[in-house]
Each structure stands twice: as structure tokens, then as C-alpha cells.
Amino acid sequence: MSDAVQAGEGAGRPPGPGAEAFGHSSAGRRGRRGHRPGAGALSVLASVALAAGLVASGVPGAAAVQAAGSSGSVDSSGSVDSSTDSSASSTGGSDGSGGAGDSGSTDSASSADSAPSEEVPEGLEDFYGRQIAWGPCEDSQQEQQAAQGHDDAGQEAQQAARECATVHVPLDYDDPSGQTIDLALKRLPASGQSQGSLFTNPGGPGDSGVELIDAAEGYFSEDLRQAYDIVGFDPRGVGQSTPLECMSREEALEEVSDESTLEEAGGTDALEGEGQEPSPDVSLVEQAVQEGASLAAACLEHSPVPEIIDHMDTQSVARDMDILRAQSGEEELAYLGFSYGTFLGAIYADLFPGNVGRVVLDGAMDPSLSMADIQYSDAVSFQASLTSFVSYWQQRGDSPLTGTAEEGTAQLTEFVQGLKDDPVPDPEGGRPLDDAILANLLGQLMYDDAYWAELATALGPLLTDRDAQPLAEWLTSMNESISPEGDPDGQGPQDSEPSPEELEAAAAARANAPAITAINCLDNPVQGDLEQWEAQFEQRAEISPLFGANERAWSDAFCSGWGRQAVREPAETRAEGAAPILVVGTTQDPATPYQWAQSLADQLESGHLLTAEGNKHCAYRQGSTDCVDAAVDAYLLRGELPQEGTTCALPGPGEDTGDAGDAVGPALQEVLDGGRQTPDQAAAAAALTSRTGRR
């Protein structure tokens with residue numbers, strides 16, 4: 001929900017350092033297949049220019065190349081209950097576009113008394129009175145077969161344990177007897193005695209909860225995985241649920257099949273859309289209005305259920321989640337949300353305070369802020385993170401940046417901006433390193449200071465000698481350090497051509513990338529006019545020259561062009577009568593500033609703040625095993641809250657992250673998945689992913 005103002009900004013899971021850079025979990029090892037064999041180390045970063053968002057294009061073709069997510073389908077042999085939803089014939093998933101269930105035409109839920117009738121909202125009795133029927137996932141069976149002949153039996157068993165389902169919910173909660181849509185679900189059953197379901201959301205908005213479960217070992221501690229059935233779902237309009245699609249599948253498949261797509265998508269032409277230069281008479285803010293209108297029209301044209309564009313708001317997702325709670329047989333919701341997932345959790349608690357169980361919100365957002373407020377705060381926080389990086393580098397003793405940290409930051413900014421007219425050649429002959437590429441790379445690496453040591457080492461020769469080779473080698477080394485399980489030659493997925501299934505998955509992800517826009521524009525009413533938007537844009541650019549002007553796709557201007565009616569006004573969230581809600585905030589979080597966590601904890605009648613000191617986005621599974629992780633687990637497992645005022649320290653650059661060190665966490669993972677990004681920014685992140693081999 002946070003309108004990522006920063007380059008490639010995302011929200012919602014846990015990252016880690018070192019050779020595992022760009023991730024710390026099995027998610028990283030599973031990897032997306034975006035690699036283009038033979039591409040130069042910097043050339044493959046070409047579309048990162050888009051993630052800088054200097055001109056946020058509404059062109060669907062610039063959406064992320066998100067290859068090969070799990071299909072999550074329930075195999076035909078799965079236990080899909082024969083009792084179908086009476087309205088299943090009208091479901092948006094009946095065309096096969098639905099989620100992790102079977103074909104999507106049969107609801108994986110059977111009639112059951114899942115919740116007391118007096119707690120069921122009027123008109124929704126049929127939805128609440130069913131029970132999810134879990135079955136084996138097709139992707140788990142495929143991974144099982146692929147793993148035959150290799151030694152990683154543990155990973156094979158973990159994947160085989162995952163289960164999938166599809167559930168029908170109303171498209172429009174004001175018309176519950178009307179059309180339905182599909183929600184795709186995946187769960188990792190408890191490895192021990194289960195104490196119930198733990199629902200989760202990885203952030204975005206628009207990130208896949210289904211894919212999160214594939215990476216559960218990096219997101220959730222062993223104790224949580226032992227005690228809970230961990231459940232993820234793709235929110236309405238996202239991924240394997242009934243999707244928003246903003247380009248034809250044929251067009252998307254053609255783009256992801258073309259080896260040159262990443263570089264072409266990252267070129268300056270793509271910034272303006274269709275290779276057309278913008279009119280010099282049209283301001284950037286006016287362009288945003290036009291781009292919003294153009295993208296919305298494309299989404300209406302290509303979505304299997306065009307009406308989904310008006311029903312992807314967070315309040316509707318929260319209502320979906322309460323149906324899922326009831327169909328899981330849970331009287332109360334246990335929930336762990338990251339970043340945008342905290343906004344979802346807060347909205348849920350406000351709508352259903354009596355159904356709140358043990359809820360933890362990590363990397364908190366403030367529901368009372370307007371879109372302009374969010375963007376201003378993010379500009380300030382990302383600039384602060386950049387200054388912290390420069391300060392660290394100067395204190396290390398090998399930085400060419402002189403003076404105070406602020407002065408050094410100004411020098412770094414000047415160098416980056418100078419690359420616009422004088423880019424550094426790619427040592428491997430690809431596209432030169434320009435200002436947009438480097439600004440986006442810096443923005444992405446502000447999410448976690450675990451990468452700052454390597455970043456500083458790679459930047460030194462670039463700043464002193466205009467030598468990009470160390471930077472290219474560092475990115476390449478992170479790619480080559482990954483040897484996925486089940487890969488006998490140790491070359492990793494980046495050295496093989498993607499399969500047709502992977503290309504199809506990548507095409508679907510690209511067509512679906514603008515989901516973030518639909519969610520943000522429905523959650524944030526348009527405020528102001530062209531003159532005010534221009535002034536706000538200039539103010540943010542002054543605060544943070546590299547990052548502050550990089551989020552127009554979430555701006556009031558873009559959403560005014562998008563043209564859909566927002567469903568809520570910014571307002572404090574009280575959740576009166578709810579059980580205690582643990583809010584976790586990180587003091588130097590660039591994407592969800594610490595003051596947002598403070599504010600949310602104060603707003604919630606039962607809010608309880610846990611503070612983590614560090615330069616990271618989100619705190620759980622970020623290396624504070626004995627403090628943050630212990631506190632979160634204690635509440636989710638036993639209902640024990642940390643003492644008021646508890647503050648934990650997160651590891652800094654080069655410090656040990658403990659058992660979280662090899663897992664991909666909420667922050668950078670979400671960035672690489674395309675969360676909180678425009679379609680163009682997501683394409684840029686995909687290029688960076690192809691260089692690192694991480695998702």
C-alpha cells in the first residue's frame with residue numbers, strides 16, 4: 001500500500017547478506033528465470049532505469065518479467081469436494097485463469113459450519129458456511145519428480161508437504177449473490193502438532209501469498225512452521241487468483257520470449273511508451289494523468305473479468321480474508337503481515353475486531369496518511385538511508401566521498417546525475433551505466449544494509465576511475481554463487497533456456513504487474529490538482545534528488561487518470577475491542593518509516609509497539625533471532641507480548657545475521673517480485689533479478 005516513491009521500492013518480507021546477497025531464503029534459490037545468456041553485466045541491468053521511475057510509463061509492455069512462479073494448481077487427483085458453489089458458473093476463474101486449485105471452475109470448499117451464524121455478515125452465509133478442501137499442488141509433484149536422483153530429500157519433502165486450494169468469493173460485497181471470483185491458496189502444514197492456521201501477506205500491494213509459501217523457510221521460524229499451518233493467498237486481482245490483466249497473453253508471451261526484451265524494456269524509449277517522445281508541451285504530471293488513463297483502458301480490455309479493476313481494494317481483500325478464516329475453521333485470525341500486509345491487517349482488525357486473534361504487523365504502514373503524505377515520508381526516509389550508507393562508507397575509511405555524511409551524499413548524488421550525459425561503458429559491451437540504472441540500484445540496496453559492504457567496495461573504483469568492472473563482477477558473483485537444489489551441474493537456472501511453462505508464467509506475471517496500481521488507486525482518493533501535484537513533485541525531488549521524484553505512478557495525478565473511484569478516505573484505524581496487536585517498526589526503515597509504526601500502534605486501541613534499531617525494511621527474520629524473532633514468535637505461539645518499550649538491535653553491515661542469513665526476507669524480496677512498483681519499475685527489477693539470479 002505504501003506508494004513506493006523510491007527506486008524499485010517494495011514492502012514486505014525478510015532479506016539477508018553476503019554470498020546470499022539479494023535474499024535469504026529458499027525463495028532466492030528457487031529463483032526467477034529472467035537470465036539472458038551472454039548479456040553484459042551492466043547491459044542486463046538496462047531496464048533498471050525504469051525502476052528509477054523518472055518517467056513512470058503506463059505502457060503495459062513494460063511490466064515485470066516475473067518468470068516461473070509456482071502454478072499452485074490442485075492436481076486432478078486432489079480432494080476437490082463435489083459440492084460446488086451455487087454461483088460457481090459465474091466465477092471469474094472458470095476460464096482457467098483462477099488460482100491454485102484445479103481448473104478454477106470448482107470451489108475447493110465443502111459445506112460445513114465454519115463459523116457461528118450470528119457472526120456471519122448478512123448475505124454471505126453460503127460463503128462462510130463452507131470449508132476449504134485442500135489437495136496436492138501440481139507444482140509440488142513436479143518438483144518431486146525433478147528432484148528424483150538428487151540428495152536433497154529434505155527440500156523434496158518440504159515441497160511435497162504443501163497443499164493448494166481455490167475458494168470462491170463475491171466480486172462485489174455489495175452484491176454477494178452476484179458474480180464470484182477465485183482466490184488461489186497454498187499452505188505449508190505444521191510439521192508438528194498444529195495449533196491452527198497462520199495467515200500471511202508478503203506486501204506489495206500485489207505480491208503473491210501463494211509464492212510466499214514456497215519460500216516459507218525463509219520467512220517463518222522453525223518454531224512457527226512446527227506449530228502453525230501457514231497459509232498464503234493471492235489477493236483478488238493478483239497472480240493465480242482471478243487476475244487483472246493489462247495486455248494480451250500473446251503480447252506478453254512475445255515479450256518474455258524475446259531475449260532482447262529486458263534491454264529494450266529498459267531503454268529510454270520505453271520510458272515514454274511505444275518509443276514515442278513526449279510532447280514538450282506536456283508536463284511530467286500531465287503525462288502521468290494520460291498514462292493512468294491509458295493503462296486503465298488496457299486493463300479493462302484484457303482482463304478476463306474486467307470489473308475486477310473496481311474491486312481490488314484492501315477492504316474487499318480483508319473481507320476475503322475473513323471468509324478464508326471461517327472456511328479454515330478458525331474462530332479468530334492469526335496473522336503475520338509484512339509492509340503493505342500491515343495495512344491489510346489493520347483494515348481487517350478495524351472491520352472484524354471480534355475476530356482478531358494473534359496478529360503481528362511488521363514494517364507498519366499508517367492508514368491515516370494521504371497519498372501525498374506517504375510519498376513525502378518515503379522521500380525523506382530513503383534520503384536518510386542513503387546518507388546512512390555514505391556515513392558507513394566514510395567511517396570504513398576507504399570512501400572517496402569527503403566531508404560530512406551529508407556532503408558525501410551530495411557528492412555521490414552529483415556523480416550519479418552526471419551519468420545522464422556521460423554514462424560509463426559496460427565492460428562487457430552492453431548498455432552503458434547511466435544515472436537511472438545506478439540510482440535504481442542504490443535505491444534497491446537501501447532496503448537492507450547487509451549489502452552495503454559489498455556495494456561500497458564495488459562503487460569505489462566507479463567513483464574514482466569510472467571503472468564499472470568491480471560493480472559488474474559483484475553482481476555476477478552473486479548470480480554465480482547460487483546453485484539451486486536439484487541442479488547437478490551447479491550452473492543454476494540462469495544457464496538454461498526457460499521452459500514453455502516458465503514463459504507462460506512469466507507472461508502471466510507481466511500482464512498482471514499493474515495490479516499494484518489498481519490497489520493503490522482504490523485505496524487512496526485523489527486529492528489536489530495539477531498545480532499542487534507539480535509542487536509536490538518538485539518538493540520531493542528537492543528532498544531526495546535521486547529518489548524523491550520516482551514514484552509518480554502512485555501519485556494523485558496518475559490515479560486521476562486511472563479514473564476508478566477510491567473506496568476509502570485516509571483515517572485512523574482503531575479496531576476497538578480487538579485482541580492485542582503487535583506492531584513492529586524499524587528505526588531506519590526506508591520504505592515504511594518508523595514513525596508510521598509508532599502512529600499505527602498509537603491508533604490501534606490494543607496496539608503494542610516493538611522497536612528494532614537498524615537500516616532494514618521489516619525486522620522479523622532479519623538476524624535479530626534472540627530479540628525480534630523471539631518476541632514475534634512468543635506472541636504468535638503463546639500470546640506473550642514483549643514488555644512495553646522493548647527495543648531490539650538488528651545486525652549492521654557485515655555483521656552475522658544468524659540463521660536468517662541464507663533466506664530472502666520481506667524487503668528486497670518484494671522489490672525483486674515487483675511489489676510497490678509501477679509496471680516499468682517492475683521490469684527494471686526483473687533485469688536486476690536476472691543479474692543476481694534471485695527472485
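At 24% relative accessibility, C627 counts as partly exposed, a class that lies between buried (under 20% relative accessible area) and exposed (over 50%), computed with a 1.4 Å probe on protein chains only. C627 sits in helix α25 (residues 625-638) and C648 in strand β12 (residues 647-649), so the bond ties together parts 21 residues apart in sequence. Helices (H or I, at least four residues) and strands (E, at least two) are DSSP runs, numbered from the N terminus.

This is a predicted model, in which local features need pLDDT of at least 70 and side-chain atom pairs count only at pLDDT 80 or more, while totals for chains, interfaces and linings use all residues. Residues are numbered from 1 along each chain as its sequence is written, and side-chain values use heavy atoms, without hydrogens and water.

C137 and C164 are joined with sulfur atoms 2.0 Å apart, and their link is right-handed, with 105 degrees about the S-S bond. Both C137 and C164 have 0% relative accessibility. C521 and C559 also form a disulfide, left-handed at -80 degrees.

In helix α9 (residues 249-257), the buried residues are A252, E255 and V256. The face turned away from that buried side carries the exposed E250 and E254.

Conventions. Disulfide = S-S within 2.5 Å.
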